[in-house]
Amino acid sequence: MPYRTPPERLPAIEQVIHSLESASRVVLTTHVNADGDGAGSEVAVLAWLRARGAECWIVNPTRFPDTFSFLLPEPDAAVDPGSARATEITASASRLVVLDTGEIPRIGRVKALTDHVPKTVVDHHLPGESPIPGVALRDESACATGELVYDLLLADGAEITREIAEALYVAIMTDTGSFRFSNASPSAHRIAGELIERGVHPEVVYERVYGSSSMDRFRLLAASLVELEFDEDAGVAWMTVPNEAYEAFGSSAEDLDGFVDYPRSVRGAEVGLLFRSTTSGDTKISFRSRGRVNVNALARQFGGGGHAKASGALVRGSIDEVRGAVLDAARRAVRRMRGERGGIDLSRS
């Protein structure tokens, strides 16, 4: 059975396509520390809009991830947000397309560069308290923003080249945890199959994304695992990335990809947390759930957000100042979940 776009999405899809018809100079962006869904969706839209005749560039709030740079048609397609080139491009842009986020704080320094630019949002997260205004295609039921981009391409009758297919495959593969998370829906698998038919080689893509890590990344993981802790009674596990090791190994946010899965996978843990310091001295927190606790609601208590099973937040203050409050909130969330289930302790099942 081929993939079919859910009919309820079609009105928003038509509005998004219409918003781009007269856009001759388009800037694409995504959230701070772009992941595979954000980066892959950007590259697919970049190729699509260029094929339609638009000038198009990627200007992210943080550097385009090295892990996904193989997707770019040329290195200059992703512009350093702090460069004079970024200022020049955004000053003359006719449309900003925001992918994989719909919240103003999540696009960081790009906001100031594009305040004057009309905006289009394509996202599969729930909108938060500071939504980006403009035309929007939002659907939390999509497995990834890449699925929504695929909908746009199908509706526009676009040619889905191997390069576009590979970018969308990366978007869906990474956001579904290589098709092992609950959002690996039948639609996700149907789209993946159609992308493979268009030339994607799953083994090659997986190897490029996950199959090559530096020794320093493993050393950082080893140092972080020493900091793994577990409150068995509360059903909360957490890991803190040592700032000394992070700096000594010259690490970046990309190097932490997947680290939060370790506390989440502790037997008996309902919630897994990862804490790390930022260069500004604040604290970045990743939240993961086995599925019974809504960590989106938990992250929103600290100004963050995301999905019910995977969310994040950036909180002012050092880890020592922030961690206690976050752990207390996580413990309360697990207690509420257990209470709503009749007092049965499911963490030991």
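Where is the place of E270? E270 sits in the loop between α11 (261–264) and β8; helices (H or I, at least four residues) and strands (E, at least two) are DSSP runs, numbered from the N terminus.

This is a predicted model, in which local features need pLDDT of at least 70 and side-chain atom pairs count only at pLDDT 80 or more, while totals for chains, interfaces and linings use all residues. Residues are numbered from 1 along each chain as its sequence is written, and side-chain values use heavy atoms, with hydrogens and water left out.

**Stop 1: E270**

Select E270. Its relative accessible area is 1%, so E270 is buried (under 20% relative accessible area; exposed is over 50% and partly exposed in between, with a 1.4 Å probe and protein chains only).

**Stop 2: D282**

Next, select D282, in the loop between β8 (271–277) and β9 (283–289). D282 is buried but has no salt bridge (a side-chain nitrogen of Lys or Arg within 4 Å of a carboxyl oxygen of Asp or Glu). The nearest side chain of opposite charge is R316, 4.3 Å away; Lys and Arg count as positive and Asp and Glu as negative, with His and the chain ends not counted. Show G317 as well: its backbone nitrogen lies 3.0 Å from a polar atom of the D282 side chain. Not counting residues up to four places away in sequence, D282 touches R276, S277, L314, V315, R316 and G317, where contact means heavy atoms within 4.5 Å.

**Stop 3: the sheet**

Switch to a cartoon view. An open sheet of 5 strands has the order β2-β1-β3-β4-β5, with parallel pairing; two strands pair if DSSP finds at least two bridges between them. The edge strands, each pairing on one side only, are β2 (55–58) and β5 (135–138). Select β1 (residues 25–29) and β3 (residues 95–99), which pair in the parallel sense over 4 bridges. The bridge partner of V26 in β3 is R95.

**Stop 4: two helices**

Helix α1 (residues 10–21) lies across β3, β4 (119–123) and β5, and runs at about 140° to β5. Axes are lines fitted to C-alpha atoms, for helices over the stretch in contact, and angles run from 0 to 180 degrees between N-to-C directions. Helix α5 (residues 145–156) also lies across β3, β4 and β5, at about 120° to β4.

Definitions and conventions:
A polar contact is a pair of N or O atoms within 3.5 Å; within protein, one must be able to donate a hydrogen and the other to accept it, and residues adjacent in sequence count only if both atoms are side-chain atoms.
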